[in-house]
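Visitor: I'd like to learn how to read the pockets in a protein model. Could you walk me through it?

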Amino acid sequence: RPRVPGVERSLAFVDHRETEAGDEDAAALGSSSKVNLHEVGMVVGIAAHLLRQRGVTPDRVAILTPYLGQLAQIRRALAARDVASSLNDLDRGDLARLDLD
């Protein structure tokens, strides 16, 4: 597999001590799912950095999150930076069902 420009390794796990939004804060963000805005900022910043590298296209970048509230916040943050994103049909349907799309 070719090296990804701008990073040392093609997979990253990040450890931090920032907590998820409380239930009231998550509800204010439009979600009953877990949301960690610190993580949102980190992954969107990393994705934007990768996409500025020569030869890196959106189809080569994947962001994985198990929480629909987090997914909705990541998509909003990407859109705010004019970064296109796509979802599989299952996630798209789940977000629409919860009115998070």
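**Reading the pockets**

Guide: Let's start with the classes in one lining: the second largest pocket is lined by 13 nonpolar, four polar and three charged residues. Nonpolar here covers Ala, Val, Leu, Ile, Met, Phe, Trp, Tyr, Cys and Pro, charged covers Asp, Glu, Lys and Arg, and the others, Gly among them, are polar. The model is predicted: local features need pLDDT of at least 70, side-chain atom pairs count only at pLDDT 80 or more, and totals for chains, interfaces and linings use all residues. Numbering runs from 1 along each chain as its sequence is written, and side-chain values use heavy atoms, with hydrogens and water left out.

Visitor: What is a pocket, and how much space lies in the second largest pocket?

Guide: On a 1 Å grid over the protein atoms alone, a pocket is an open set of points where a 1.4 Å probe fits, with protein on both sides within 12 Å along at least five of seven lines; lining residues have an atom within 4 Å of a point. Volume is the space filled by probe spheres set on the points, which are joined across faces, edges and corners. Here that gives about 430 Å³. Among its 20 lining residues, Val 61, Ala 62, Ile 63, Ser 85 and Ser 86 are closest to the centre.

Visitor: Which element gives the most to that lining?

Guide: Helices are DSSP runs of H or I, at least four residues, numbered from the N terminus. H3 gives the most, four residues.

Visitor: And what lines the largest pocket?

Guide: That pocket holds about 1100 Å³ and has 32 lining residues, with Leu 11, Ala 12, Ala 62, Ile 63 and Leu 64 nearest its centre. H2 supplies the largest share, six residues.

Note on methods
Helices (H or I, at least four residues) and strands (E, at least two) are DSSP runs, numbered from the N terminus.
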